[in-house]
Amino acid sequence: MVNVGVIGLGRMGMLHLMSCLNIDGVKVVAASDPSTKALKKARKLGVNVLYEDYRDLLSKNSEVDAVVISLPNFLHLESVRLALEAGLHVFIEKPLAKNVEECREIVRLVEKTGKKLTVGNVLRFEEGIIKMKETLNSGSIGSLEVVTLEEIINGPFSHPRNPAPVADWWFDPEKSGGGVLLDLGCHLIDLFRFFVGEECEVDFSSLEYFFNLPVEDGAIVMLRSSNSVRGIINVGWYQKTVYPQFDFNIMLHGNSGYLSINDFRPKNLYTYAVKEGTKNILRKLTKRKIRPLSYTYHYEGFYKELVSFFDCIRNDSAPAVSAIEGMKTIELIEQAYEYGNSKKRLASLV
Amino acid sequence: MNSFVSLVRVQNSDLGQSISKALDLASFKFPSSVKSVVIKPNLCYYWDAATGYTTDPRVVAAIIDCVREEYGKDVAIKVAEADASAMRTKYAFKVLGYEKMAQDKKVELFNLSEGELEEKTARVNNHQLQFKVNPLLLNADLFISVPKPKLMKIVKITCAMKNIFGCIGTPRKVIYHKHLNEAVVGINKILRPHLTIVDGLTALGRFPVKLNLLMAGTSTFSVDWVVSQMMGYNPSKVQFLKLSVAENIENPRNVVTRGENVAEFARIIPKEKFISTGFLWYLQFKMLGAYQKITGDIIPPVFQE
């Protein structure tokens, strides 16, 4: 049994808490969040040891073996450091940290403590992406030449069923570390690295500020891998679409064919939800284990990434997205920021 | 007494000229000795004017020019909006281009949720409603509302009267949603803008549509009566308009349209079938709840109420 503490109970943290409660061989022994409302909800879900301050969870609770951290970016380094120093395994929501310097410190701590750390790059667990990677590896599109990855959503401007204002830290570069390039770019750059499997560098980057905020809300980045595969990343927070609408596209262009994520995803999410939901009802009625979140398609990855994290603790295997992997993605993001900002500086000089 | 509502098609992107024409057709006369002017756009969320959700800052800028033409450059103009359940005015002003417009036009941006708010009450349909209102709106010499014509699931259409609901200082206005029709009528009993200029450059039907239209009127009720026809609803069946008639806010027989023909715009608005949409939403969440009860599966927090 892995005893877990869940740190941060915002939208993502609450989803992680609910996922942990549904994973065999995992017991949620504590949770923390400064919000009383969130703690009440955690208690209702059956978590009895609750803390307002995550530092109390890490210092006062001796039962915990691992923590799942979903805190704002500016608290990633501090919380990970305290957790690793307390001898705990760590699942940290993406990005690993808000800059390379902080990532290096985390990598150093992981190596020093020998504990497992995995970064929540959930897209690696999406069924369509796994199938895409398998098809690519089978050689059916020949040698990979160009990858295009796009994700345009509403980001911090999303309007949930229960409306709540956006937290200020999102738009404070000191606290967030950046805008959409860090928030969504860290998913897509990680995926590019996942498909290519080689070292990469930034060829070009353009940062956009459609919303006049201190952080960018649009970015286009071109990458090149050491084996000359080029990647085009297009991310944005500027689109007013709500789930199940999802402006997310991946194309793999090979010299013998191409793959599109649309060929590997359900065509209609409503039909898919009904089909998967019915399967789960049948599983329940025949006393078999259900497939949590499968009816949502996209959200199932959140469950699977945690299962993978706990498996790597039990089996003493390598985590799916290690601290070094997380750092490499942030290195590319930092390169893209440098390129984009220097271009802006040049433009202002002209 | 007639209550005129004008409809003017914007020609050659000349907003200033179109506003002047709309005001003339609506028989609006600027009051004399005005020192303070408040302009209230509709910035319900962070979506750009092109989505049809929010008032275009270019329309507000043109209104500012119009006001200055009348009262001179020294008149104090404030562009005001209140925080909403999920929207923070400080970001909306920035994101939607109002900060830049305010700098260019040298006007002040004002958050109606900040400072001391006055408690006001109104009785509508046997409901006693309480509102917190910024005194700026109560004391303004000239209060201009600049709403957007939109379809909305709960009240069918939102425009002039609903934009006044947006003036309530309390950010969590979602608390009024249980009796939204009453609340819309109630706040319109308390706050009555001197002038309403509808930004119909883009309207929001089932999806956004470019209309290049400006409307003007002195009564929020009359403007909404016409907007309702334009959006494809019989105004006498729109609950908050029906309630307004019952509460003697205005008599629909007094509403007179001038300028362009409403029917021409009504033809191109993409209509929504709210009965089926509302029912499907309801059904979807009911089914999700039942599914969770049977299977014990997780419902992502973003879908939870």
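**Entry 1: where the chains meet**

I started with the chain contact: 25 residues of chain B touch 28 residues of chain A. By "contact" I mean that the C-beta atoms of two residues, placed from the backbone, lie within 7 Å. Before going on, I noted that this is a predicted model, where local features need pLDDT of at least 70 and side-chain atom pairs count only at pLDDT 80 or more, while totals for chains, interfaces and linings use all residues. I also noted that residues are numbered from 1 along each chain as its sequence is written, with chains lettered from A and ligands numbered from 1 in the order in which they are written.

Back to chain B. My helices (H or I, at least four residues) and strands (E, at least two) are DSSP runs, numbered from the N terminus. I sorted that side of chain B by class and got 15 nonpolar, 4 polar and 6 charged residues. For the classes, Ala, Val, Leu, Ile, Met, Phe, Trp, Tyr, Cys and Pro are nonpolar, Asp, Glu, Lys and Arg are charged, and the others, Gly among them, are polar.

**Entry 2: the sheet in chain A**

Next I looked up the sheet. Chain A has 6 strands in an open sheet, ordered S3-S2-S1-S4-S5-S6, with parallel pairing. Strands pair here if DSSP finds at least two bridges between them. At the edges I found strand S3 (50-51) and strand S6 (117-120) of chain A, each pairing on one side only. I then checked S4 (66-69) against S5 (89-93) in chain A: 4 bridges join them. Ile69(A), for one, has Ile92(A) as its bridge partner in S5(A).

**Entry 3: two domains of chain A**

Chain A is assigned domain 1 (2-123 + 304-312) and domain 2 (124-266 + 330-349); the bounds come from an automatic or database domain assignment. Their C-alpha centres are 25 Å apart. Each domain puts 18 residues into the contact. On the domain 1 side, helix H5 (100-113) and helix H11 (300-314) of chain A each supply at least two residues, and H11(A) has the largest share, 3 residues.

**Entry 4: Gly25(A)**

Is Gly25(A) buried or exposed? I call it exposed, because it has 11 C-beta neighbours inside 10 Å; the cut-offs are 12 or fewer for exposed, 20 or more for buried, and partly exposed in between, with C-beta atoms placed from the backbone. Gly25(A) sits in the loop between helix H1 (11-21) and strand S2 (26-32) of chain A. Leaving aside neighbours within four places in sequence, Gly25(A) contacts Met1(A), Val2(A) and Phe310(A).
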